[in-house]
Amino acid sequence: MRGLLRSAWPMVRIRVKASGINFADIMARLGLYQDAPKLPAVVGYEVAGDIDAVGEGVTRAVGERVLALTRFGGYSDVVCVAATQAVPLPAGMGYEEGAAIPVNYLTAYQMLIQMGSLKAGERVLVHSAAGGVGLAAIELCAIHGAEVFGTASASKHALLRERGVQHTID
């Protein structure tokens with residue numbers, strides 16, 4: 001199947017096993033996400049599945065389990081993405097778990113590490129801490145040794161404390 005995918009970038013085709021559902025998808029389905037394609041459209045920003053074809057110059061293996069960013073189209077049976085947008089699914093991780101990782105963790109990483117230059121000992125306020133991006137941010141803060149203040153409804157405070165939030169705010 002090599003040569004099947006023609007693009008300016010080396011591409012892989014993924015047979016989708018699970019698609020993530022995140023806030024951008026919901027907003028797009030409601031017609032409130034201005035960067036989304038016009039409805040009717042296939043939304044879905046993230047997937048997990050198996051590579052079933054590779055483009056020219058791609059060294060990835062057919063059959064490799066991956067998770068990937070799709071930027072729409074992820075609610076499909078098959079997606080094509082740049083090979084750099086697909087990363088190996090960690091051993092022991094299911095497709096459903098893998099499909100929930102890309103948007104939440106990439107968003108949290110960009111905000112905290114790349115833009116915020118998070119350092120050990122800093123204090124971080126995480127709004128909507130019980131949401132997908134919030135939970136990812138809490139984990140990244142723990143990895144970097146930051147103190148976390150998290151906002152969420154009171155019914156979610158126990159979960160946040162279990163995840164490592166030192167200070168919960170209703």
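1. A word on terms before anything else: buried means under 20% relative accessible area, exposed means over 50%, and partly exposed covers what lies in between (1.4 Å probe, protein chains only). By that rule tyrosine 45 is buried, with a relative accessible area of 12%.

2. Keep in mind that this is a predicted model, where local features need pLDDT of at least 70, side-chain atom pairs count only at pLDDT 80 or more, and totals for chains, interfaces and linings use all residues. Residues are numbered from 1 along each chain as its sequence is written, and side-chain values use heavy atoms, with hydrogens and water left out.

3. On to the overall layout. The protein chain has 5 helices and 8 strands, where helices (H or I, at least four residues) and strands (E, at least two) are DSSP runs numbered from the N terminus. Read from the N terminus, the order is β-α-β-β-β-β-α-α-β-α-β-α-β. The C-alpha atoms fill a box of roughly 55 × 35 × 30 Å along the principal axes, and buried residues make up 42% of the 170 residues.

4. Contacts next (heavy atoms within 4.5 Å). Of those in the protein chain with a separation of 6 or more, 63% come from residues 24 or more positions apart.

5. Now the rings. Rings of Phe, Tyr and Trp (its six-membered ring) pair if their centres lie within 6.5 Å; planes under 30 degrees apart are stacked, over 60 edge-to-face, and the rest tilted. The count comes to 3 aromatic pairs. One of them is tyrosine 33 with phenylalanine 72, edge-to-face at 6.1 Å centre to centre and 65 degrees between the planes. Tyrosine 33 lies in the loop between α1 (23-29) and β2 (46-54) and phenylalanine 72 in the loop between β3 (65-69) and β4 (78-82), so this pair ties together parts that are 39 residues apart in sequence.

6. Phenylalanine 72 also pairs edge-to-face with tyrosine 45, at 4.8 Å centre to centre and 70 degrees between the planes. Tyr33, Tyr45 and Phe72 form one aromatic cluster.

7. Salt bridges: a side-chain nitrogen of Lys or Arg has to be within 4 Å of a carboxyl oxygen of Asp or Glu. The count is 7. Aspartate 50 and lysine 17 make one of them (3.9 Å, N to O), linking strand β2 to strand β1 across 33 residues. Aspartate 50 is buried at 16%, whereas lysine 17 is partly exposed at 45%.

8. Another salt bridge joins arginine 71 and aspartate 35 (4.0 Å, N to O). Arginine 71 sits in the loop between β3 and β4 and aspartate 35 in the loop between α1 and β2, so parts 36 residues apart in sequence are tied together.

9. Glutamate 64 and arginine 60 form a salt bridge too, with the closest N and O atoms 3.0 Å apart. Both ends are buried: glutamate 64 at 19% and arginine 60 at 18%. Elsewhere, salt bridges that share partners join Arg13, Arg15 and Asp52 into one network.

10. One last item concerns a charge over a ring (NZ of Lys or CZ of Arg within 6 Å of the ring centre and within 35 degrees of the ring normal). The charged end of arginine 65 sits over the ring of tyrosine 95, 4.8 Å from its centre.
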